[in-house]
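Q: Take a close look at the ligand site. What surrounds the ligand, and which atoms contact it?

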Amino acid sequence: MTAIAFIGLGNMGGPMAANLLKAGHQVHVFDLSADAMNALVEQGATAHQDAGDCAALAEVVVTMLPAGKHVETCYLSENGIINSMQAGTLAIDSSTIDKATAVKVAAALQAKGMEFVDAPVSGGVAGAAAGTLSFMVGGSDAEFNRAKPFLEAMGKNIFHAGGHGAGQVAKVCNNMLLSILMAGTAEALQLGINNDLDPKVLSEIMLKSSGRNWTLELYNPCPDVMDNVPSSNEYQGGFMVDLMAKDLGLAMDCAVQSQSTTPMGALSRNLFSLHAGQGNGKLDFSSIFKMYAKED
Ligand code: NAD
């Protein structure tokens, strides 16, 4: 049993912390929301009124916060947890943030004798609840090996992507590709529909042909082609357009920093930002399908 501090108990962090409790760890929690903390206290966690107090007691700190600015403030601000964490503590940041912030936090912690991995996730809220997340980890071999058993309590696939920041780069590469596949699949399906094809038949054909991809296999964006996917439930649940737009912004920042050419990613970022701005931000990202629909 390890004393773990978990900071950020939202849609993802709440169920992830619950899985650490189920694995038998002693979990200390902090969130700005008292309700979020109470839900974990009911499952056996100890709540704290201050992030620093929470982190001071831990051998391992996990953060699951909205964006890079929250992560930097949580660790490195004047009242940041870096000032109360014990030397030797391992910090695991599973938030999706920019590589530069991950590298900055890692260096600051390292300078004080602490360890850090960036470990963003794929798998969404359902994967967080089921303990089947994929983790993409950036850090040294020793840091990765130390973090792995804790990540295994919350996920199924644990990948060592490289040094500090590499987990964040892997995450944005994957989500940029996913957004392109989703937009392209939606575009192809609507082209077929506009030419009197049945989207179920077209999906079957493309699944057995060279257009086959993850979205056709598991996440068809056209309503009523597949059961149990957001498109057949008015695009509720799943992975929000707002979060995809955020990740595509991070991918574009990453491309600028590394002077990479990403024309498809740039187009996809624009499509998803436009879609979010048109009031679809809280819908699942497969709702991009609606953008291609012809008006009756
Ligand atoms: P969320 O908004 O549901 O939760 C964030 C939590 O952090 C909230 O409970 C909020 O009160 C808390 N918080 C904010 N600032 C804080 C601070 N300074 N101290 C303590 N708590 C603070 O977000 P989420 O959906 O859980 O996402 C968390 C991270 O995971 C994001 O970086 C997101 O991009 C990433 N992510 C989300 C999903 C998803 O499907 N929701 C999937 C993969 C990755």
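A: A polar contact here is a pair of N or O atoms within 3.5 Å. Met-12 makes one through its backbone: an N or O atom there lies 2.9 Å from a ligand oxygen. Thr-96 also uses a backbone N or O atom, 3.0 Å from an oxygen of the ligand. Asp-31 uses its side chain, with an N or O atom 2.6 Å from a ligand oxygen. The protein covers 83% of the 840 Å² of accessible area that the ligand has on its own (Shrake-Rupley method, 1.4 Å probe).

This is a predicted model: local features need pLDDT of at least 70, side-chain atom pairs count only at pLDDT 80 or more, and totals for chains, interfaces and linings use all residues. Residues are numbered from 1 along each chain as its sequence is written, and side-chain values use heavy atoms, without hydrogens or water.

Now the shell. 21 residues surround the ligand (a heavy atom within 4 Å). Asn-11, Met-12, Asp-31, Leu-65 and Lys-246 are the closest. By class, twelve are nonpolar, six polar and three charged. Helix H6 (124-130) and helix H11 (241-257) are the elements that give two or more residues to this shell. Domain 1 (3-163) and domain 2 (169-292) both contribute residues to the shell, so the ligand lies between them.

Terms used: A polar contact is a pair of N or O atoms within 3.5 Å; within protein, one must be able to donate a hydrogen and the other to accept it, and residues adjacent in sequence count only if both atoms are side-chain atoms. Helices (H or I, at least four residues) and strands (E, at least two) are DSSP runs, numbered from the N terminus. Ala, Val, Leu, Ile, Met, Phe, Trp, Tyr, Cys and Pro count as nonpolar, Asp, Glu, Lys and Arg as charged, and the others, Gly among them, as polar. Domain bounds come from an automatic or database domain assignment.
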